[in-house]
Amino acid sequence: MKKLLLILFCLSFSFSGTMYFGYDVDDSEILTMGYNHTVKHWTCDETGDPCWILAAGANFDVNSDLMKFASFYLFPMKPVTKKMSVWMSLGYGFLLDDGGFENLMDTQLESQFPGIDSNTELSTGLTYGLGVHYNLNEKMGFGLGKSVNTLDLELSAMGVDFDPELDDLERTNVYFSYKF
């Protein structure tokens, strides 16, 4: 994890982009660190201001008591004013650490049904989000957003596969960003 943090930190200095920290204000209190790199600007013919911005980015959870994720995503933004924009993200998330969830489920299954061979697998995939961002000046800004990591749980016991319902991990984040 420290290597990933170091690589992300070095990349942020080698490319001009935006590094950000996000704090989940919900019960999970997850701290996320990420980097966005602008891929394309579309400018309005009338004003010369950007009318759409497309960025690509990556983030990972630095501190979490629950599960830890890393994500790669596309990040379209629509400037509403010179200082404020709305954004959305769509990408793919990876589960870095399940927080002991799979072991807990295996232990529960073994205690409920001793002697039965069982397996638990937790996976993730799609990640998406919506939010607003406000630029304090040309370098710093803050924002508020909602992001979701989809989760899929597969249980198997005695050769029978089960696909129980599992809620996706939803976060309401406060962001602080810095442009390089």
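## Salt bridges, cysteines and a surface patch

At 4% relative accessibility, Arg-171 counts as buried, where buried means under 20% relative accessible area, exposed over 50%, and partly exposed in between (1.4 Å probe, protein chains only). This is a predicted model, in which local features need pLDDT of at least 70, side-chain atom pairs count only at pLDDT 80 or more, and totals for chains, interfaces and linings use all residues. Residues are numbered from 1 along each chain as its sequence is written, and side-chain values use heavy atoms, with hydrogens and water left out.

**Salt bridges**

- The count comes to three salt bridges, a salt bridge being a side-chain nitrogen of Lys or Arg within 4 Å of a carboxyl oxygen of Asp or Glu.
- Arg-171 pairs with Asp-61, and their closest N and O atoms are 2.8 Å apart.
- This pair links distant parts of the chain, since Asp-61 is in strand β3 and Arg-171 in strand β9 (residues 169-179), 110 residues apart.
- Helices (H or I, at least four residues) and strands (E, at least two) are DSSP runs, numbered from the N terminus.
- Asp-61 is buried, with a relative accessible area of 1%.
- A second salt bridge joins Lys-146 to Glu-170, with 3.8 Å between the closest N and O atoms.
- Lys-146 belongs to strand β7 and Glu-170 to strand β9, so this pair also links distant parts of the chain, 24 residues apart.
- Both partners are partly exposed: Lys-146 has a relative accessible area of 35%, and Glu-170 has 45%.
- Lys-82 forms a salt bridge with Asp-49, the closest N and O atoms lying 3.3 Å apart.
- Lys-82 lies in the loop between β4 (68-79) and β5, and Asp-49 in the loop between β2 (31-43) and β3 (50-63), so the pair ties together parts that are 33 residues apart in sequence.
- Lys-82 is exposed at 69% relative accessible area, while Asp-49 is partly exposed at 28%.

**Surroundings of Ser-147**

- Ser-147 is in strand β7 and is buried, with a relative accessible area of 13%.
- Leaving aside residues up to four places away in sequence, Ser-147 touches Tyr-128, Gly-129, Leu-169, Glu-170, Arg-171, Asn-173 and Tyr-175, where contact means heavy atoms within 4.5 Å.

**Cysteines**

- The structure holds zero disulfides, a disulfide being a pair of cysteine sulfur atoms within 2.5 Å.
- Cys-44 is in no disulfide, and its nearest cysteine sulfur, that of Cys-51, is 3.6 Å away.
- Cys-51 is likewise in no disulfide, with the sulfur of Cys-44 as its nearest.
- Cys-44 is partly exposed at 26% relative accessibility, whereas Cys-51 is buried at 14%.

**Nonpolar surface patch**

- Tyr-23, Val-25, Val-80, Met-84, Val-86, Val-132, Tyr-134, Leu-136, Phe-142, Leu-144 and Val-174 form a nonpolar patch on the surface, with about 890 Å² of accessible area together.
- Patches are made of residues with over 30% relative accessible area and no salt bridge; like charges are joined within 9 Å, and nonpolar side chains (Val, Leu, Ile, Met, Phe, Trp, Tyr) within 5 Å.
- Accessible areas come from the Shrake-Rupley method with a 1.4 Å probe; for residues, only the protein chains shown count as cover.
- At least two residues of the nonpolar patch come from each of β5 (84-97), β6 (118-135) and β7 (140-157).
- Leu-136 of the patch sits in the loop between β6 and β7 and is partly exposed, at 43% relative accessibility.
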